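The sequence and the structure are shown first.

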Amino acid sequence: MMFMDRVLKYTISKEYDGYTIDKYLKKQGYSSANITAIKKMKNNVVIGNEWVHMNYKLTAGEELIVNISEEESSEKIPAIKMDLDIVYEDEDIVVVNKPAGLPIHPSLNHYEDSLANGLAYYYEAQNKPFIFRCANRLDKNTSGLTVIAKHLVSGNILSTMVKNRQFHREYYAIVRGHIEPPTGTIDAPIGRVDDSIITRCVDFENGERAVTHYQVIEEKNGHSLVSIHLETGRTHQIRVHFKHIGHPLIGDHLYNPDMEYMSRQALHSHKISFAHPITGEAMSFTAELPDEMKSVFKD
């Protein structure tokens, strides 16, 4: 049987003196579902080498040990060997630079060729179970950085950070033409096109609020390279917003089939910054612009 074991240690500070363990863990970012799952694990919470109940009251200075042991794997993700560009990995997270054309998770026509399949194989080779917990999902044809949590606690904390806008993303996009002003904010609600499952549009009547901040960083050969920060995370937000202002991304089969330079949307997850879900340490990663996007700006 495969196990994913993670031992987390906490020294109790004065502010948490008298807290029960479950209440303390909630303050550390554990969800109620996390705590319920951990209760079913062997030697789940330990003080002074002794297993204790979750309602044990903590004393300042004590060391609390939480033993996370996961055995389950995602059943519907076949393990498939593939080359992965792993930018960073520790016991809690893995950061991958995803190529364009690779879906994040299996779907109807991509049951065995997604990032999740490759990671399932990567963990199986280490005799570890794998549950796919991706913090920032990218479209199949968007390249760049994505973070995957390695256990239920880091997964929950990362997902909470994304919801609370504490997970910072910078994208690079290429559009045709000169953008004026070169720095700005697009604040336009986004909704479905005629109840389409996939296609979105700016919809001032029924759409959900969507805010995109941008800055042009290079202009050459009739194209602009734009740095983008999202304030909200709507489906296809960047692609829809830049089409709305008259500068759709090149190579975008859905919103602008301009395939002269690119055969996929010119969108790249360039930089991510966040506090490590377990240690709180400031983390920041960048992934260079792929060659196919660089080539648009070559002489």
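The points below concern the basis of the note, aromatic rings, pockets and cysteines.

1. This is a predicted model, in which local features need pLDDT of at least 70 and side-chain atom pairs count only at pLDDT 80 or more, while totals for chains, interfaces and linings use all residues. Residues are numbered from 1 along each chain as its sequence is written, and side-chain values use heavy atoms, with hydrogens and water left out.

2. The structure holds eleven aromatic pairs. Rings of Phe, Tyr and Trp (its six-membered ring) pair if their centres lie within 6.5 Å; planes under 30 degrees apart count as stacked, over 60 as edge-to-face and the rest as tilted. Tyr 16 and Tyr 19 form an edge-to-face pair, with 5.2 Å centre to centre and 90° between the planes. Tyr 16 also forms an edge-to-face pair with Tyr 24, at 5.0 Å centre to centre and 85° between the planes.

3. Tyr 16 and Tyr 19 are both buried, and Tyr 24 is buried too (buried means under 20% relative accessible area, exposed over 50%, partly exposed in between, with a 1.4 Å probe and protein chains only). One aromatic cluster is formed by Tyr 10, Tyr 16, Tyr 19, Tyr 24 and Tyr 30.

4. Lys 23 lies over the face of Tyr 19, at 4.4 Å from the ring centre. A charge sits over a ring if NZ of Lys or CZ of Arg is within 6 Å of the ring centre and within 35 degrees of the ring normal.

5. The largest pocket is lined by 35 residues, and Arg 137, Leu 138, Asp 139, Thr 235 and His 236 lie nearest its centre. A pocket is an open set of points on a 1 Å grid over the protein atoms alone, where a 1.4 Å probe fits, with protein on both sides within 12 Å along at least five of seven lines; lining residues have an atom within 4 Å of a point. The lining of the largest pocket divides into twelve nonpolar, 14 polar and nine charged residues (Ala, Val, Leu, Ile, Met, Phe, Trp, Tyr, Cys and Pro count as nonpolar, Asp, Glu, Lys and Arg as charged, and the others, Gly among them, as polar).

6. The second largest pocket is lined by 13 residues, of which Gln 28, Ile 157, His 276, Pro 277 and Ile 278 lie nearest its centre. Its lining has seven nonpolar, five polar and one charged residue.

7. Zero disulfides are found in a search of the whole structure (a disulfide is a pair of cysteine sulfur atoms within 2.5 Å). Cys 134 is buried, at 12% relative accessible area, whereas Cys 201 is partly exposed, at 26%.
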